[in-house]
Amino acid sequence: MSHVLHLRPSVPSGTHPIETGRYILFTPPLGRFCDDLKNWVNNRAAGAIVTAPPRFGKSKGIRFAVNELHEELGATLPILTFCCQDHQYPTESRFFESLLSDFGHSLSLRGTASAKRARLIQFLVQEACANDHRRLVLIGDEAQKLREPHYKWLVDIYNGLDRHDIATTVVLVGQPELVHQRDAFETAKKMQIVGRFMVHLHRFAGLRNQKDFAYCLKGYDDESEYPEASGYSFTRYFFPSGFEAGWRLAGEAKVLWEAFQHVRAEAKLPGKAEIPMQYFSRTVEFALRDYRSMDGGPPTISLNQWKEAIERSGYRDAGRYL
């Protein structure tokens, strides 16, 4: 057993973030999303929509962006998130109940639809006024599941808060169908919905080039740490000897980008090479877990090994549906 292995922090098997997937690293697409979100909130925009295909990292991006907003605008700024539900027969009662539940209200199930609406608005007013912000940011995930009645009920909530002099920003995050929904509302002259919630649009992108890859891989090298205060980034934990010798995952960006292009060409995947964050992350996680090296200096991960990691991520099979 090497000296380096003795120095590596002890982490129970299966609990490292690379093994659980419970981590978020800053990426260029995430940075662009956070910039737009901050602008909307700073400018007191009524609403916006954010779209991306599945597995582009929208849900994790919301959690990251909430932290960014709190860091920049203050930890007390009330930001509430909710996940939109798909109901065959949407009702007011179920909609308000779902929002109350997602916001952590203990009485989400009690009473009629009117009682739930009043309880929800009262709760939101209290949240908005708790620290004299009189501001509220609501972020809804899976918003492609919303139907026209849901938007009308959201307008009711927005207007209810406005009557209490509370400025609300509603950000709806979902799949590209959201844009089609906006187009349909525009055609039907439903401007009370479009004007409030759909004026601004952000398209959440995937990773588009080698430069994006290098930026993200640098996060594994330098911007991650586990256990906390251990001084061990994800790269250093799985390649301690190589890391000490100066090897970094960011140096693999070129060969990893080429490996994705090879897989795309071999599988005849359609569209542009825009790699979803989920498949990029799974590829890197596989490489860290399965090609780990405790000693022996800088490792060598070949093009074929990276292609194997991409295959294991599921990208080849999923790529034709992205």
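Please keep in mind throughout that the model before us is predicted. A search of the whole structure finds 1 cavity of 30 Å³ or more.

How do we look for such spaces? Rolling a probe the size of a water molecule over the atoms shows where empty space is left.

Which residues line the largest cavity? They are Phe82, Cys83, Cys84, Gln85, His87, Arg94, Phe95, Ser98, Leu99, Leu146 and His150. Two elements give two or more residues each to this lining, namely strand E2, residues 79-83, and helix H5, residues 92-102. Helix H5 gives the most, with 4 residues. Sorted by class, the cavity lining has 6 nonpolar, 4 polar and 1 charged residues.

I turn next to the largest pocket. Its volume is about 450 Å³. How many residues line the largest pocket? There are 24, and Gly57, Lys60, Met277, Gln278 and Ser281 lie nearest its centre. The elements that give two or more residues to the pocket lining are helix H3, at 28-42, helix H4, at 58-73, and helix H14. The largest share, 5 residues, comes from H14. By class, the lining of the pocket comprises 11 nonpolar, 8 polar and 5 charged residues.

Helix H14 brings us to the subject of helix packing. Two packed helices are described by the angle between their axes and the distance between the axes.

Helix H14, residues 277-290, packs against helix H15, residues 303-313, at an angle of about 125°, and the two axes are 8 Å apart. That angle makes H14 oblique to H15. The crossing of H14 and H15 is right-handed. Which residues meet at this contact? From H14 come Tyr279, Arg282, Thr283, Val284, Phe286 and Ala287, and from H15 come Trp306, Glu308, Ala309, Ile310, Arg312 and Ser313. The residues of this contact divide into 7 nonpolar, 2 polar and 3 charged.

A second pair is formed by helix H10, residues 210-223, and helix H13, residues 253-267. The axes of H10 and H13 come within 9 Å and cross at roughly 125°. H10 and H13 are therefore oblique to each other. Their crossing is right-handed. On the H10 side, the contact is made by Gln210, Phe213, Ala214 and Leu217, and on the H13 side by Ala253, Lys254, Leu256, Trp257 and Phe260. Here the residues divide into 7 nonpolar, 1 polar and 1 charged.

Let us now consider the backbone. Most residues other than glycine have a negative phi, and most peptide bonds are trans. With that in mind, I point out two places.

Where is the cis peptide bond that I wish to show? It joins Tyr226 and Pro227, and omega is about -10°. Pro227 lies in the loop between helix H10 and helix H11, the latter at 234-238.

The other place is Arg134, a residue other than glycine whose phi is positive, near 50°. Arg134 is found in the loop between helix H6, at 113-129, and strand E3, at 135-141.

Finally, I come to Ser293. What does Ser293 contact, leaving aside its neighbours within four places in sequence? Ser293 is in contact with Phe238, Phe239, Pro240 and Ser241. Ser293 and Arg44 are 249 residues apart along the chain, and their C-alpha atoms are separated by 50 Å.

To close, let me return to helix H14. Helix H14 gives the largest share of the lining of the largest pocket, and Tyr279 and Arg282 are among the H14 residues that meet H15. Thank you for your attention.

Technical notes:
Residues numbered from 1 in each chain as written. Predicted model: local features only at pLDDT ≥ 70, side-chain atom pairs only at ≥ 80, totals over all residues. Heavy atoms only, no water. Axes fitted to C-alpha atoms, helices over the stretch in contact; angles between N-to-C directions. Parallel < 35°, antiparallel > 145°, perpendicular 65-115°, else oblique. Left-handed = near helix turned anticlockwise from the far one by under 90°. Contact = heavy atoms within 4.5 Å. Nonpolar A, V, L, I, M, F, W, Y, C, P; charged D, E, K, R; others polar. 1 Å grid on protein atoms, 1.4 Å probe; cavity = no way out; pocket = protein on both sides within 12 Å on 5 of 7 lines; lining within 4 Å. Points joined across faces, edges and corners; volume = space filled by probe spheres on them.
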